[in-house]
Amino acid sequence: MEVGAVAAMRYVKDGIRAAQLVMENTMHTMLVGDQASAFAISMGLAGPTNLSSTESIGKWGKWKENNCQPNFRQNVLPLNGCGPYHPRGGEASCMNANPSGKIELIRSSHVGIHNHDTISMAAIDRMGHIAVGTSTNGATFKIPGRVGDGPIAGSSAYADDEVGACGATGDGDIMMRFLPCYQAVENMRLGMEPMVAAKDAIARIARRFPDFVGAVFAVNKKGVHAGACHGWTFQYSVRKQGMDDVEVFTVLPSE
């Protein structure tokens with residue numbers, strides 16, 4: 001099994017190619033930050049490049065005008081401002097556990113179809129080899145330095161030639177605590193069909209975080225596939241040999 005990843009990489013557009021270079025040209029699993037950018041450029045990728053767009057600059061400007069709200073900070077002061085931030089005094093917690101063991105987040109979800117751009121893909125070749133890859137720009141208005149589930153093997157993606165593959169998207173800060181794609185693939189290894197494997201991986205998160213938003217797809221080595229989601233309606237596409245275009249599948253959220 002080979003793995004390559006980059007995280008918090010700036011000034012290089014082709015993140016998925018940089019991850020492939022880590023996998024193929026180093027004995028490491030992940031490179032991060034400016035050194036990941038330097039590595040990618042040294043290996044021939046274009047850069048340094050300004051990755052800001054007119055749209056992203058406009059969104060950032062409106063966010064600043066709105067006192068940097070919403071954001072991902074908690075238990076800090078000022079509550080409604082752009083900082084500098086410092087810890088709020090007293091006993092504070094971001095979550096409360098109720099008698100059922102579920103955790104209630106004292107924050108609104110910042111994950112949705114309009115501020116999320118994760119792409120996760122799986123491919124099976126004629127020899128039965130399976131590969132997965134995930135690319136994302138991260139959560140909108142994230143705290144600088146934040147790394148989500150995109151580069152974490154087993155969270156946003158996972159594959160094993162002997163079993164199958166999985167890809168995921170959603171609230172990465174929550175999902176990466178559960179490694180849902182590793183769970184889905186291991187479920188299939190134990191004999192579960194992709195539908196059951198995917199639903200189980202999502203249900204494990206929803207039991208602890210009933211307000212989280214996320215989804216996974218699972219495909220076994222025979223090409224049988226399914227998806228599961230929570231908190232939103234999820235779509236994924238499939239293209240098999242002989243098809244001229246992809247077929248889109250819609251998955252409704254679990255109850």
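1. A welcome first term: a residue is buried when its relative accessible area is under 20%, exposed when it is over 50%, and partly exposed in between, using a 1.4 Å probe and protein chains only. Helices (H or I, at least four residues) and strands (E, at least two) are DSSP runs, numbered from the N terminus.

2. Please keep in mind that this is a predicted model, in which local features need pLDDT of at least 70 and side-chain atom pairs count only at pLDDT 80 or more, while totals for chains, interfaces and linings use all residues. Residues are numbered from 1 along each chain as its sequence is written, and side-chain values use heavy atoms, leaving out hydrogens and water.

3. What does E13 pair with? Two strands pair if DSSP finds at least two bridges between them. E13 is joined to strand E14 (residues 247–251) by five bridges, and the two run antiparallel. Gln-235 has Thr-250 in E14 as its bridge partner.

4. Next, have a look at the open sheet. Its four strands come in the order E9-E10-E11-E12, with antiparallel pairing. Strand E9 (157–160) and strand E12 (225–230) are the edge strands, each pairing on one side only. From one strand to the next, the twist averages 10°.

5. Inside that sheet, strand E11 (residues 214–220) pairs with E12 in the antiparallel sense over six bridges. Val-216 stands opposite Ala-228 in E12. Helix H5 (residues 180–189) packs on the sheet and touches E9, strand E10 (164–170) and E11, its direction making about 150° with that of E10. Helix H6 (residues 194–208) also packs on the sheet, touching E11 and E12, and its direction makes about 20° with that of E12. Here, axes are lines fitted to C-alpha atoms, for helices over the stretch in contact, and angles run from 0 to 180 degrees between N-to-C directions; contact means heavy atoms within 4.5 Å.

6. Is Pro-84 buried or exposed? Pro-84 is exposed, because its relative accessible area is 75%. Pro-84 sits in the loop between strand E3 (76–77) and strand E4 (86–87). Neighbours within four places in sequence aside, Pro-84 is in contact with Leu-77 and Pro-78.

7. Finally, the whole chain: it has six helices and 14 strands, and 37% of its 255 residues count as buried.
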